[in-house]
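Thank you for asking me to look over this model.

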Amino acid sequence: MSTERPHSVSVAGVVVDGHGRALLIQRRDNGKWEPPGGVLEREETIPEALQREVLEETGIKIALPATLTGVYKNMKGLIVSLVFRCEAADGTPTTGDETRALRWATRAEVTELADEAYAIRVLDALDATTPPAIRAHDGVKLV
């Protein structure tokens, strides 16, 4: 049996509005802009985790099912992230315990605000191609 630590699995939801903009959050812990999301808890399904994380970080309840738009591996952090394009079902964007600020961002604003590793997730979700994108990064840049 390997003594290496296992990968964790996270989800992120790219909530898209009627103008084709994505809802980004600015995290309280590091000030970075990215789509809302986080690590799955042991007993929850992927859709449950997606809905919970987006609601906790934005105040928005998303409609399910959501569309898987990409799978991303943080090669340094050993995190596999599943990213989904989402539609808001209810709620008003609001900050919370983990969220310093929120904003609806255009494609150009996404690339200005977010590190490459997170901007590509949002851009892939805005494009919503089939099959979903599969990419690797080092936490900041694509590799």
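1. Which residue in E10 does Asn-74 stand opposite? The structure is a predicted model, and in it Asn-74 stands opposite His-137 in E10. Asn-74 also stands opposite a residue of another strand, namely Ile-79 in E7.

2. These strands belong to an open sheet of five strands, which follow one another in the order E4-E1-E7-E6-E10 with mixed pairing. Strand E4 (37-39) and strand E10 (133-137) each have a single partner strand and stand at the edges, so one side of each is left without a neighbour in the sheet. On average, and with direction ignored, neighbouring strands of this sheet are turned by 20° against each other.

3. As background for the pairing, strands of a sheet are joined through backbone hydrogen bonds, and they do so either in the parallel or in the antiparallel sense. Both senses can be followed here: strand E6 (residues 67-74) pairs with strand E7 (residues 79-86) in the antiparallel sense over seven bridges, whereas E6 and E10 run parallel and are joined by five bridges. One of the partners to look for is Arg-85 in E7, which is the bridge partner of Thr-67.

4. If neighbours within four places in sequence are left aside, Glu-53 is in contact with Val-11, Gly-37, Gly-38 and Val-39.

5. Helix H3 (residues 116-127) has twelve residues, and from its first C-alpha to its last it reaches 16 Å, which is close to the 16 Å expected at 1.5 Å a residue. H3 is mostly covered, with ten of its twelve residues buried; among them are Tyr-118, Arg-121 and Asp-124, as well as Ile-120, Val-122 and Leu-123. Just after H3 comes Ala-128, which takes a positive phi of about 45°.

Technical notes
Residues numbered from 1 in each chain as written. Predicted model: local features only at pLDDT ≥ 70, side-chain atom pairs only at ≥ 80, totals over all residues. Heavy atoms only, no water. Helix = DSSP H or I, 4+ residues; strand = E, 2+ residues; numbered from the N terminus. Expected span 1.5 Å × (residues − 1). Buried < 20%, exposed > 50% of the residue type's maximum accessible area, 1.4 Å probe, protein only. Pairing = 2+ DSSP bridges. Axes fitted to C-alpha atoms, helices over the stretch in contact; angles between N-to-C directions. Contact = heavy atoms within 4.5 Å.
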